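Here is a friendly first tour of a protein chain. Have a look at the sequence and the model, then read on for a guided walk through its parts.

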Amino acid sequence: MLTVIDSVKGSGIPLRGNDIDTDRIIPARFLKCVTFDGLGDNAFADDIAGLAEQGKTHPFRDPAYKNGSILVSNRNFGCGSSREHAPQALKRWGVRAIIAESYSEIFFGNCVAIGIPCYKVSHEVADKILDWIETHPSEEIETSTKDRTLKMGNEVVALELADGPRGQFLDGSWHARGVLLSNADKVTGLAEKLPYMQFLAR
């Protein structure tokens with residue numbers, strides 16, 4: 001069954017800063033895992049520890065944002081190594097959509113592949129959303145893939161999402177395995193017509 005991703009609702013997570021790379025999102029020492037399970041517990045582990053030493057709290061450890069599902073950041077989010085563990089860690093922490101000024105292309109693609117819409121906004125709009133979330137940490141906001149919008153309070157903010165990934169989220173084709181399974185009968189029918197498949201079945 002194909003899974004359509006349109007509306008994402010939840011409180012926001014403000015993560016200010018440019019060039020937040022994948023090594024910060026999930027440090028290399030956690031990549032030894034056989035599966036992606038548990039990666040969310042270690043998201044931003046070094047940043048969290050570094051801020052704690054300064055007596056500060058990282059948004060991913062701040063109780064005000066513990067139920068957040070829409071991450072908001074600034075320029076060039078997800079740069080650096082192409083590791084797919086980074087979006088996997090974010091998803092397992094609870095992130096269901098991201099809004100930022102720009103992204104690493106590979107990070108963006110890895111997010112699409114696991115069903116996390118990544119929207120773009122200008123620097124001014126990003127700061128406006130970040131300010132709003134920090135002022136209303138527990139209030140629900142909502143993104144729409146179909147409308148390419150963010151609803152926060154009484155305001156609707158325009159978001160940018162290219163037609164290609166937008167279409168994938170709206171028709172479910174972002175999920176490669178789902179597309180394959182939805183065409184299982186066609187795959188079986190074609191396999192039955194292939195001479196070498198008949199030979200292997202003997």
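## A first look

Ser11 is buried, because its relative accessible area is 11% (buried means under 20% relative accessible area, exposed over 50%, and partly exposed in between, with a 1.4 Å probe and protein chains only). This is a predicted model, in which local features need pLDDT of at least 70 and side-chain atom pairs count only at pLDDT 80 or more, while totals for chains, interfaces and linings use all residues. Residues are numbered from 1 along each chain as its sequence is written, and side-chain values use heavy atoms, with hydrogens and water left out.

**The chain as a whole**

- The chain has 9 helices and 8 strands; helices (H or I, at least four residues) and strands (E, at least two) are DSSP runs, numbered from the N terminus.
- Of the 202 residues in the chain, 41% are buried.
- Among contacts with a separation of 6 or more, 69% are between residues 24 or more positions apart; contact means heavy atoms within 4.5 Å.

**Around Ser11**

- Ser11 sits in the loop between E1 and strand E2 (12-14).
- Leaving aside neighbours within four places in sequence, Ser11 is in contact with Asn67, Gly68, Ser69, Ile70, Pro137, Ser138, Glu139, Glu140 and Ile141.

**The antiparallel sheet**

- Strands of a sheet pair through backbone hydrogen bonds, either parallel or antiparallel.
- E1 and E6 run antiparallel and are joined by 4 bridges, and Val8 stands opposite Thr143 in E6.

**The parallel sheet**

- Another open sheet of 4 strands has the order E2-E3-E4-E5, with parallel pairing.
- E2 and strand E5 (118-120) are the edge strands, each pairing on one side only.
- Here the twist averages 20 degrees from one strand to the next.
- E2 pairs with strand E3 (residues 70-72) in the parallel sense over 3 bridges, and Ile13 stands opposite Leu71 in E3.
- H5 packs on this sheet too, touching E2, E3 and strand E4 (97-100), and its direction makes about 110 degrees with that of E2.

- How do helix H3 (residues 85-93) and helix H4 (residues 105-113) meet, and at what angle do they cross? Their axes come within 9 Å and cross at roughly 50 degrees.
- H3 and H4 are therefore oblique to each other (angles under 35 degrees count as roughly parallel, over 145 as roughly antiparallel, 65 to 115 as roughly perpendicular and the rest as oblique).
- Ala86, Pro87 and Leu90 of H3 make the contact with Phe107, Asn110 and Cys111 of H4.
- By class, this contact of H3 with H4 has 5 nonpolar residues, 1 polar and no charged ones; Ala, Val, Leu, Ile, Met, Phe, Trp, Tyr, Cys and Pro count as nonpolar, Asp, Glu, Lys and Arg as charged, and the others, Gly among them, as polar.

- Thr3 is in the segment before E1 and counts as partly exposed, at 40% relative accessibility.
- Thr3 and Gly172 are 169 residues apart in sequence, with their C-alpha atoms 4.8 Å apart in space.
- Asp19, in the loop between E2 and helix H1 (22-25), is a residue other than glycine with a positive phi, near 55 degrees.
- Arg148, in the loop between E6 and E7, likewise has a positive phi near 55 degrees, and Arg148 is partly exposed with a relative accessible area of 24%.

How values were computed: Axes fitted to C-alpha atoms, helices over the stretch in contact; angles between N-to-C directions. Pairing = 2+ DSSP bridges.
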